[in-house]
Amino acid sequence: MVENRPFRDFMAYLTLALGIVIVVFPVYLAIMASTFDAATIINGNMPLLPGDQAAVNYPRALFYGGVHAREPVGMMMFNSMIMALGIAIGKILISVLSAYAVVYFKFPFRKTAFWVIFITLMLPVEVRIYPTYKIVADLGMLDTYTGLVLPLIASATGTLLFRQFFMTIPDELLEASKIDGAGPFRFFKDTLLPLSMTTIAALFVIQFIYGWNQYLWPLLITTQSSMQTIVIGIKKMITTTDALTEWQIAMTTAVLAMVPPVLVVVFMQRLFVKGLVETEK
Amino acid sequence: MLPLLLIVPQMAITIIFFYWPASQAIWQSFLREDAFGLSSEFVGFENYVSLFEQPEYYRAMVTTVIFSSLVAFFSLGCSLLLATQADKNLRGGQAYKTLLIWPYAVAPAIAGVLWIFMFHPTLGTLSRPIKAVGIDWNPMLNANHAMTLLVLSATWKQISYNFLFFLAGLQSIPKSVIEAAAIDGAGPLRRFWTVIFPLLSPTTFFLLVVNIVYVFFDTFGIIDAVTGGGPAGQTTTLVYKVYADGRLGGDLGGSAAQSVILMVIVIALTAVQFRYVERKVQY
């Protein structure tokens, strides 16, 4: 920066290190808890260095589950994965198509159509849960993947993102591909889609995390335990009376639940930041 | 024909899963169902009136306001502090960034579980030092303790998001402005409050709105995991009450009326945000 002061740099390192410790500690504790047996955790003196039960806890959580709710966490993770992928892919699919229509075509009620979609930005699913629940129930979609996915992709973030991006693409590209004899389909497939790859990937990252972390909606519409997502499953593990909670399995599940989305953020950081910043505009 | 085909999937999903339920919520808020859900009659604004006669509703409102102001204040403050430090061209800057942003990926409910484990009254690692000081720490029985735990976990979860946006905001401030202030003899603190902070105000304002919306809606998972709205309903926020009244109480009309009020609040917040976005475009 402007001055060069070693002391200030030192303070900056210290502040950041402290921040990181606070941010990391709860997760560190969960990872440690996943390496002990129930008795060690219950007596309230859990050591801060790893124990030797990880090889017991992880397979048990993944393939068997808790003693009371015997759903294997592996199956919950599979459900979460389907839901997250369904939401991410579904949203990209419908919004890239509708953005293409809104930006490149003139048709009656184009403005109206845009606003009809745009308004959905304002209302999160939490404020209309019961009526949405009723519709999904009437359509026979309770306890189905379709019911988990479809209501959550009814939102405008993707459409707006693609619309903004399409409007930055120079008209000359459209002219050029027209001269080459390309119709609307070829232009979309050969020009627009390849150019949109980064935007698609960024949206995918954000939506995957959004979908994986959903809580209220799956809580309402999944009644069978075989359809539960992992975020719901772990909460059910700790609601039973304190004495019955198997904390080592609950914390193992918490670690498993964090792994996929955290990996996505860490390894696709650039796309993640791009997606986060652009969907919020 | 083609453009209509392209737009039909999104339109259909939006109408079926957005407009239809939203209008149902509005309609239901004017109805009252009998105990068996067999018949319903139009009761005008009665659901709203009885809502505003409930002391629990005011309590949920107060809880929501306290909860959102605390979380917004602490998460904005902490992340601004961290972002200003990370903006200093330190060695290993990228690593710091990565280590600070990943909690964004943790589900709110999971964040709640992590914190309840840490501060569990009997087995929590951090409860012992608190009890050693002489505080009878028990977030399951004491409403203030429960709220503290909620604020901590919600803040923890939100810091990464605010940090990213503050850092981007700081990096977009031209270095020449800061150097000019330094040449005029302004020290680091003075530079921060008279130059950097005012230039950062659009980001701060944007984040303030986003954080309030976050606390309103996304913290549902945290509350359900950590306190379940308790003890004795004292950490029930407006959104949690919509859920609890409709599901556990079966009062669909009242729950719908609450939904409608929430919709109005969100629309107002979004309108405020859009006005700001518009101003930024003119900038």
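**Chains A and B: contacts and fold**

Reader: How many residues of chain A and chain B are in contact?
Author: In this predicted model, 72 residues of chain A are in contact with 73 residues of chain B.

Reader: OK, and which element gives the most on the chain A side?
Author: That's helix H1 of chain A, residues 6–33, with 14 residues on the side that touches chain B.

Reader: What's that side made of by class, nonpolar, polar or charged?
Author: On the side of chain A that touches chain B there are 57 nonpolar residues, along with 10 polar and five charged ones.

Reader: Switching to chain B. How many helices and strands are there?
Author: Chain B has 12 helices and two strands. Along the sequence they run α-β-β-α-α-α-α-α-α-α-α-α-α-α.

Reader: What does the C-alpha trace span, and how much of the chain is buried?
Author: The trace of chain B spans about 75 × 70 × 35 Å along its principal axes. Of its 283 residues, 43% count as buried. Also, taking contacts in chain B with a separation of 6 or more, 68% are between residues 24 or more positions apart.

Reader: Where does B:Val106 lie?
Author: B:Val106 is in the loop of chain B between helix H4 (93–101) and helix H5 (108–118).

Reader: Buried or exposed, and why?
Author: B:Val106 counts as buried because it has 26 C-beta neighbours inside 10 Å, and the cut-off for buried is 20 or more.

Reader: So what does B:Val106 touch?
Author: Leaving out residues up to four places away in sequence, B:Val106 touches A:Met258, B:Ala111 and B:Lys157. B:Lys157 is 51 residues from B:Val106 along the chain, yet their C-alpha atoms are separated by 7.4 Å.

Note on methods: Residues numbered from 1 in each chain as written. Chains lettered and ligands numbered in written order. Predicted model: local features only at pLDDT ≥ 70, side-chain atom pairs only at ≥ 80, totals over all residues. Contact = placed C-beta atoms within 7 Å. Helix = DSSP H or I, 4+ residues; strand = E, 2+ residues; numbered from the N terminus. Nonpolar A, V, L, I, M, F, W, Y, C, P; charged D, E, K, R; others polar. Buried ≥ 20, exposed ≤ 12 C-beta atoms within 10 Å, placed from the backbone.
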